Amino acid sequence: MTSIGTGYDLSNSVFSPDGRNFQVEYAVKAVENGGTAIGIRCKDGVVLALEKLIHSRLLKKDANKRIATVDRKVGVVSAGLLPDGRHFVSRARDEAAQWRSIYKSPIPTSSLADRMGGYVQAYTLYSSVRPFGVTAIVGGWDSEAELGVDGQVGSGPKVGAGGKREGAKSGGPYLYMIEPSGLYWGYYGAATGKGRQAAKAELEKLNLADGEISLEQGVKEAARIIYVAHEDSKDKEFELEMTWVSSLEGPTKGHHQEVPKALREEAERLAKKSLEPEDEEEEARVEGGDRMEE
Amino acid sequence: MASVFSASIPQEAPGYSFNHLSSGTREHAFNPYTDNGGSTLGISGADFTIFAGDTRSTSGYNINTRYAPKLFKIGGEGPSNENARIVLSVVGFAADGNALKERLDTVVKMYKYQHGKPMTVAACAQRLSHILYSKRFFPYYVHAILGGLDEDGKGALYSYDPVGSYEREQCRAAGSASSLIMPFLDNQVNFKNQYVPGSGVGHALEQRVPEPLPRKDVEQLVKDAFTSATERQIEVGDGLQMMTITKDGIEEVYSPLKKD
Amino acid sequence: MNHFPHGWGRPRDDVYGAYNHAYLQPDGSKQHTQSPIVTGTSVIAVKFKDGVVIAADNLASYGSLARFTDVKRLRRFNSRVVLGFGGDVSDMQHLDRLLSTLSIREDYSSTASESDNAARELNARNLHTYLAKVMYKRRSEFNPLWNAILVVGLDGESQPFLATVDLLGTTFSAPTLATGFGAHLAQPILRRAVPDEAAVAEMTREKAVGVVRECMKVLFYRDARSIDKYSMAVVEKEKEVELVEDEQLEQQSWAFAEGIKGYGTQTV
């Protein structure tokens, strides 16, 4: 790296003459070594998935969960330094609790992303701290129902002043990705960590912007994408961790939860199958010949 | 405008559309205490101590519940206080009683963790006094009795006032029927007003010398005391909880009392 | 020297005149003055073999004014706990928020596998202990939460649980409980149906619901701060909580009112 020895990378918050902040770039490097994390914004919810690299056989299977819940309906998955991810989640939970204490309602996912973006960015400004070594994917479902404030006791007038507005639409699935610089965007599909390039390529094929993909499909695609992203580091063992948050009518009733074991295992089975050397498909091609168009 | 709204702020009494007779400002001060009724007693013997308390809890003329224990094992293991050797009885304001019980229980448990031996009843008794006195100006509104076996294996019993004044006694009754039970105990346990027959007249009469009673006799005294108190005191009844501390541990027995 | 301890530390009457008790009450320190403003009346509950039934009407009164008529005073905490609040409504709302904060924090620390998640959830006994500590702490600060609360549901052993806590932090438990006016009017009826724990084992859900409905009717007849719309919840083993919030009192009979003479503008 050309920056080494120039001295502009020794302190946080210092620009190099060509306008770069090296400490932030190094933080991004830390993220790039982490297990792949992805998020998919579906029609009726959000799926988060993580390639959790197993560095020791002494770790209990399916324990040590890495995807965290914030408030009730937001999930956070991160790639990079684990303790930094934990601190990120801790702060996100504080922000959510503080929002509730002021507004008596859950924090919208967009506001949480905004506050966390601001928080992460602050760690690029001072020489006494270092930037976050994580890129975090924040996915949540903002309630589509007309919510009362916390502790509300009645339902209010049904019509007239203070009454309900007919057919008002609000809420839905939201997905954000926050980088070590504090930069954040809203995404249809987000990927970070070691296998992000492969994962992004796969995500793009899903045409998520059309808003057609269902949550259950999203779960299966997420599992497959994590397995695809893992292809380059096949020698390492990993566990697939997956969570989702659906609409109020959906399977999680607006809460962020783990994907049920049965569904996750089914998704993993399909994912593994899609990666197998395709003998059958070879045969199928001979027979049908038009399968490639898919 | 403000007066329009402040005119009929609800009071604790039924609201009427006309003014109350007293025209001065009426304030409803919050009273942090209540009396939950009931009675307790403790008697120490040569090698045992017995505690008893009725299980009725009241508010005014209402019966809250027919089973609310007033006797607690202190410093045992786990949620059911196994292997405890000390018993605390509290009567008066039940919420304070519970808070006091939890504080003392924690202290006795911590003592064992820190010193590797169980707290003696004498040490626990003094500690309880300090806990009560620490709230001298906002007292725990309870009459506590604490007991177990002392270092010589003899029955030990300590009674307290709400602010921590305490003494070791042979027997003590506390709570709403204490004025009924205590004189009975004075006479039957400490043989007050009992004299040796034919020992003389007037001041020459000899007081019958108290001696530790056998356990069977004491148990019968306790039952008699509570069945009688139940007859005469409306806040006493429903059930009788008895705990006996001996060298083998604590035996707990429940027996019914009249529910009227 | 004044020999009566009562007089010690006080200004001498013969020098300064009698003590003016308006400045300092003789019964202790200066106290906060407060009282509930918008209030809910009775909450009643009864245990049955595999669970608990609880009910409270939907009225919040402002003194004698029936101010809010669709106030929901039963709160589902989770799949095995329901709370019923009597007393001040704003204090109830405060407690509700406190409990949702607690619930969110509990969920953070129980992300283990789904199967044992239910066992980790707070049970009715846990919640009652928590509320008792909150209420006792507030009364000890002379700043009470002006409520009487019934906690119903299942305990750690999945057995029916029913207990109460009030503004003083007083707690107790019984096979049937009723707060406020219900303690006078409903409790005798409930106790006749379920006198003790042995009777709980014989009680069915249907009979328990029936006796609770009967009590709600008696309370509506006789409690002037009640209304004929009420909420009722049933927590039962291995079942989801059933909470209905807009029950209407059925089969009211006001025929006796015909015979009442001597009030109002009757022409006899």
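1. A:Lys253 counts as exposed, because its relative accessibility is 57% and the cut-off for that class is over 50%. The residue sits in chain A, in the loop that runs between strand 9 (238-246) and strand 10 (256-258). The model is a predicted one, and the points below should be read accordingly.

2. A second residue with a positive phi is found in chain B: B:Asn81, a residue other than glycine, has a phi near 55°. Most residues other than glycine have a negative phi. B:Asn81 belongs to the loop between strand 5 (71-74) and strand 6 (86-92) of chain B. Is this residue buried or exposed? B:Asn81 is buried, because its relative accessible area is 13% and the limit for burial is under 20%.

3. Helix 5 of chain B covers residues 215-232, 18 residues in total. From its first C-alpha to its last, this helix reaches 26 Å, close to the 26 Å expected at 1.5 Å a residue. The buried residues of helix 5 of chain B are B:Val218, B:Glu219, B:Leu221, B:Val222, B:Ala225, B:Phe226, B:Ala229 and B:Thr230. Viewed down the axis of helix 5 of chain B, the buried residues fall within an arc of 160°, and therefore line one face of the helix.

4. On the face of helix 5 of chain B turned away from its buried side are the exposed residues B:Lys216, B:Glu231 and B:Arg232. What covers the buried residues of helix 5 of chain B includes helix 4 (178-188) of chain B, together with strand 1 (39-44), strand 2 (49-54) and strand 11 (239-246) of chain B.

5. In chain B, an open sheet of 5 strands has the order 10-1-2-11-12, with antiparallel pairing. Its edge strands are strand 10 (171-175) and strand 12 (249-256) of chain B, each of which pairs on one side only. From one strand to the next, the twist averages 15°. Strand 1 and strand 2 of chain B pair in the antiparallel sense over 5 bridges; B:Gly42 has B:Phe51, in strand 2 of chain B, as its bridge partner. Helix 4 of chain B packs on the sheet and touches strand 1 and strand 10 of chain B, with its direction at about 170° to that of strand 10 of chain B.

6. Strand 4 (residues 74-80) and strand 5 (residues 134-142) of chain A run antiparallel and are joined by 7 bridges. The bridge partner of A:Val77 in strand 5 of chain A is A:Ile137.

7. For chain C, totals are given. This chain has 8 helices and 13 strands, and 47% of its 268 residues count as buried. Among contacts in chain C between residues at least 6 apart in sequence, 64% join residues at least 24 apart. The accessible surface of chain C comes to about 14,000 Å², with 53% of it belonging to carbon and sulfur atoms.

Notes
Residues numbered from 1 in each chain as written. Chains lettered and ligands numbered in written order. Predicted model: local features only at pLDDT ≥ 70, side-chain atom pairs only at ≥ 80, totals over all residues. Heavy atoms only, no water. Helix = DSSP H or I, 4+ residues; strand = E, 2+ residues; numbered from the N terminus. Buried < 20%, exposed > 50% of the residue type's maximum accessible area, 1.4 Å probe, protein only. Contact = heavy atoms within 4.5 Å. Areas by Shrake-Rupley, 256 points an atom, 1.4 Å probe, with all protein chains shown as cover. Expected span 1.5 Å × (residues − 1). Arc of directions from axis to C-beta. Pairing = 2+ DSSP bridges. Axes fitted to C-alpha atoms, helices over the stretch in contact; angles between N-to-C directions.
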